[in-house]
Every structure is written in C-alpha cells, then in structure tokens.
Amino acid sequence: MDLVDVVDAVDFSVDSLEGTNKAARWLAEHLEPGALVFLSGDLGAGKTTFTRALAAALGSPALVSSPTFTLVHEYDGGRVPIIHMDAYRLASGAEWEAAGLAEYLEGHNVVLIEWAELIADALPEQCWRVTLTDTGPESRRIHISPPPGKREVDP
Ligand SMILES: Nc1ncnc2c1ncn2[C@@H]1O[C@H](COP(=O)(O)OP(=O)(O)OP(=O)(O)O)[C@@H](O)[C@H]1O
Ligand SMILES: [Mg+2]
C-alpha cells in the first residue's frame, strides 16, 4: 500500500529552468483531469514559465504565453485540454464569474490560474496550490500542495 492519507506539500528548490521543468513534470504526473491549479508568486516569479513546463509535461505542443490581456488561453493536443488564465487584471471573483470564466472549471480541463488569489473567493477549496518564489536569477523555490484530502503517492 503506497498511498497515504494526506499528503504533505512538496518543495522544490531549483537553480535552473530545467529544475522548474522537473517540478512541473512531478505535478503533471499527479494531476487528474478536471484539476484546478492555483498559481501564486510575485511578478516574474515564473508562473507563466511553470505553466509552459506543465503543458509540455502533459504532452501539449502549444506555445504557451501570458494570457494577461486575453485572460484565457486554451492549449490542446496533450493528455487533457489545458486552460491557462491570468487574474491579474481582475478585481474580484465576481468579475471573473461575470466574464463567464468560471465555466472553464466544469469538465475535464486542467485549469491553471495565475494571480488566483485575486479571485480566490470564487474558487473551490479543491485545488492544487503552486507558489513560486524568486531566490536568484535562475533559482526558484516551488512549493506545491495538493488539494485537501487528496490521496497521494510519495513524492
Ligand atoms: N528556474 C526558473 N523558473 C522559472 N522562471 C525562470 C527560472 N529561471 C529564470 N526564469 C525566468 O524568470 C522569468 C519568469 O517570468 P514569468 O513570465 O514566467 O513570470 P510570471 O510569474 O508569470 O510573471 P507575471 O506575474 O508577470 O505573469 C522568465 O523570464 C524566465 O525565463
Ligand atoms: Mg505570467
């Protein structure tokens, strides 16, 4: 029995983009279709870069770029459709819902939201949380915590 009840968060201390790719591959192996990924971290911490790595790890050939102005990008061609959002320009969860964006949480898409804390009031508790901290030019701390109650194999 290699499952444990809940599972602690996992911390990656990386010193290169390849390290970030490795952290994204770890998450890609643990994500289920329909998963929501709440991405936090300062400007330039690497949220878009992490999303690019995750899309690649899920097998999508898409060119991932920041959806800051369009609010949402959709990437197909991988294991599951990926929805990539950026809440940076939104004032509240109500605004996000009014824009019809909450509908993307239905279905089997993997949804990643940058600046998700700005719309946290509209988001379900059941989400993966990825927090990136800039610790040097190419180094980052990447903290990944699973949804509450998620059963998980050892990292
Ligand atoms: N190990 C690393 N992981 C992630 N990004 C890195 C790493 N090393 C260097 N970088 C660089 O840091 C920058 C991160 O920018 P990115 O657009 O991903 O940040 P962001 O968190 O999405 O910012 P914003 O809040 O503006 O959307 C990129 O230029 C990327 O190449
Ligand atoms: Mg970004």
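Is Asn21 buried, exposed or partly exposed, and how many C-beta neighbours does Asn21 have inside 10 Å?

1. Asn21 and the basis of the model. Asn21 counts as partly exposed, because 18 C-beta neighbours lie inside 10 Å. A residue is buried with 20 or more other C-beta atoms within 10 Å of its own, exposed with 12 or fewer, and partly exposed in between; C-beta atoms are placed from the backbone. This is a predicted model: local features need pLDDT of at least 70, side-chain atom pairs count only at pLDDT 80 or more, and totals for chains, interfaces and linings use all residues. Residues are numbered from 1 along each chain as its sequence is written, while chains are lettered from A and ligands numbered from 1 in the order in which they are written.

2. Overall build. The protein has three helices and nine strands. Along the sequence they follow the pattern β-β-α-β-α-β-β-α-β-β-β-β. Helices (H or I, at least four residues) and strands (E, at least two) are DSSP runs, numbered from the N terminus.

3. Dimensions. The radius of gyration is 15 Å, which agrees with the value near 15 Å for a compact globule of 155 residues. That radius is taken over C-alpha atoms, and the globule rule is 2.2 Å times the number of residues to the power 0.38. Along the principal axes, the C-alpha atoms fill a box of roughly 45 × 40 × 30 Å. Of the 155 residues, 34% count as buried.

4. Contacts along the chain. Take the contacts with a separation of 6 or more: residues 24 or more positions apart account for 65% of them. Two residues are in contact if their C-beta atoms, placed from the backbone, lie within 7 Å.

5. Helix α1 against helix α2. The axes of α1 (residues 17–30) and α2 (residues 47–57) come within 8 Å and cross at roughly 55°. That makes α1 oblique to α2. Angles under 35 degrees count as roughly parallel, over 145 as roughly antiparallel, 65 to 115 as roughly perpendicular and the rest as oblique. Axes are lines fitted to C-alpha atoms, for helices over the stretch in contact, and angles run from 0 to 180 degrees between N-to-C directions.

6. Who makes that contact. From α1 come Thr20, Asn21, Ala24, Arg25, Leu27 and Ala28; from α2 come Thr49, Phe50, Ala53, Leu54 and Ala57. Asn21, then, belongs to helix α1.

7. Helix α2. Eight of its eleven residues are buried, so α2 is largely enclosed by the rest of the structure. Among the buried residues are Lys47, Phe50 and Arg52. The buried residues of α2 pack against α1, β3 (36–40), β4 (72–75), β5 (82–86), β6 (110–114) and β7 (128–134). Gly59 follows α2 and has a positive phi, near 90°.

8. Most residues other than glycine have a negative phi. Leu71 has a positive phi, near 75°. Leu71 sits in the loop between α2 and β4, and is partly exposed, with 16 other C-beta atoms within 10 Å. Trp115 also has a positive phi, near 55°.

9. Trp115 is buried, with 20 other C-beta atoms within 10 Å. Pro124 is exposed, with 10. Pro124 and Pro147 are 23 residues apart in sequence and 9.9 Å apart in space, C-alpha to C-alpha.
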